[in-house]
Amino acid sequence: MSEAAEDIVEHAYDHIAQWYLEWVESDNSPRERYAKKLLEKLPPSPCLLELGCGPGVPVLNMLLDHGAQVTANDISAKQVELARARCPRAKVLAGNMATLTFEAESFHGALSFYTLFHLPRSQLKDMLAKIYGWMKPGGLFVFNLAVIDEEEIHGEIMGYGMFWSSYGVHENCDILKQVGFELLEVEKVEAGNGNLEEGDPDYDSEFLWVMARKPETGKGKKSGALS
C-alpha cells in the first residue's frame, strides 16, 4: 500500500463532509439503538468517548441530549468542524484515534460506529486494548466491525478513494476476548436490512454489532453467542 491508510481516509472524509452529513442524517442503521442501550445501562451524566464522531449527528448530539459528558474524535478536520458547530458542549478532538492518549479509567463507556475498520487490521487489537484501558471497570463499549476477512480493501465513496481492513466474525470476537472484554451482545446485521439501493455506500454490506463490557475488578468473564 503506497499511501498510508489514515491519509486515504482523512482525505476522503474531508472532501465528502457535506454529502456525508446529509447521508448520515437519513441513514437507517443500528447505531442509535446501540447508543440508547449504552445510555440505559450507565449511571446518569456518564463520561463517554466517541471515536469516529463524524459531523456530530446522530450519535454525539443524542448523547449530549441525554446529559452525557462526551469527548469525541474524528480523523477528518472537516468532520470535526461540523461536529463542533452542532455539538458545542462536547470536547471534539481531531486526529487519528490510534494516537489519542487519556488517563486510565477515564470513561464510563465508549462508542465507535463505522470507524474501527478504517484502521489497518494489524492495529485493531492495540486500539481495542487502549479503549479497554481508558474505560472504568464495569464500563460498556458499543461499536461495529466489518466481517470480511481482508487485510486491505480499497474502494471509493463519491469518487474519493477509501480504505477498509477487517478480520472475519470469529477472529474479531477472539481478539475482543483476548483484550479482556466480556461480549454481552453480538449480532451480524445486513446494512439497511438488505433494502439499500445499489448507489448507497453500505449496499450489500454486513456488519458485526457488539456491546462489550470491561469486567468489574475481580469478577470473571463471560461471552455472548453470535446471533
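Which side chain makes a polar contact with the side chain of H118? It is the side chain of Y13, at 3.0 Å. A polar contact here is a pair of N or O atoms within 3.5 Å; within protein, one must be able to donate a hydrogen and the other to accept it, and residues adjacent in sequence count only if both atoms are side-chain atoms.

Some ground rules come before the rest of the picture. The model is predicted, with local features needing pLDDT of at least 70 and side-chain atom pairs counting only at pLDDT 80 or more, while totals for chains, interfaces and linings use all residues. Residues are numbered from 1 along each chain as its sequence is written, and side-chain values use heavy atoms, with hydrogens and water left out.

Back to H118, then. This residue sits in the loop between β4 and α6. Helices (H or I, at least four residues) and strands (E, at least two) are DSSP runs, numbered from the N terminus. H118 counts as buried because its relative accessibility is 10%; buried means under 20% relative accessible area, exposed over 50%, and partly exposed in between (1.4 Å probe, protein chains only). A polar atom of the H118 side chain also lies 2.8 Å from the backbone oxygen of F163. Setting aside neighbours within four places in sequence, H118 is in contact with A5, V9, Y13, M162, F163 and W164, where contact means heavy atoms within 4.5 Å.

The next topic is the sheet. Seven strands form an open sheet with mixed pairing, in the order β3-β2-β1-β4-β5-β9-β8. Two strands pair if DSSP finds at least two bridges between them. At the edges are β3 (91-94) and β8 (182-190), each pairing on one side only. From one strand to the next, the twist averages 10°. For angles, axes are lines fitted to C-alpha atoms, for helices over the stretch in contact, and the angles run from 0 to 180 degrees between N-to-C directions.

What about the individual pairings? β8 and β9 (residues 206-213) pair in the antiparallel sense, over eight bridges, and V186 has V210 in β9 as its bridge partner. Helix α7 (residues 169-179) packs on the sheet and touches β5 (135-146), β8 and β9, with its direction at about 160° to that of β8. β9 also runs antiparallel to β5, and seven bridges join these two strands.

Together with helix α6 (residues 124-134), β4 and β5 make a right-handed β-α-β unit. Right-handed means that, with the strands pointing away from the viewer, the path from the first strand over the helix to the second runs clockwise. β5 itself is mostly covered, with nine of its twelve residues buried.Helix α2 (residues 17-26) has its own set of buried residues: A17, Y20, L21, W23 and V24. These pack against α1 (5-15), α3 (31-41) and α5. As a rule, an α-helix has 3.6 residues a turn, so residues three or four places apart point the same way.

Across the whole structure, a search finds six salt bridges, each being a side-chain nitrogen of Lys or Arg within 4 Å of a carboxyl oxygen of Asp or Glu. One of them joins the side chains of E187 and R33, at 3.1 Å from N to O. This pair links distant parts of the chain, with E187 in strand β8 and R33 in helix α3, 154 residues apart. E187 counts as buried because its relative accessibility is 18%, whereas R33, at 38%, counts as partly exposed.

Another salt bridge pairs D65 with R89, whose closest N and O atoms are 3.4 Å apart. D65 lies in helix α4 (residues 59-65) and R89 in the loop between α5 and β3, so the pair ties together parts that are 24 residues apart in sequence. Both D65 and R89 are exposed.

E182 and R213 form a salt bridge too, with 2.7 Å between the closest N and O atoms. Here the link runs from strand β8, which holds E182, to strand β9, which holds R213, and the two residues are 31 apart. E182 is buried, with a relative accessible area of 4%, while R213 is partly exposed at 26%.
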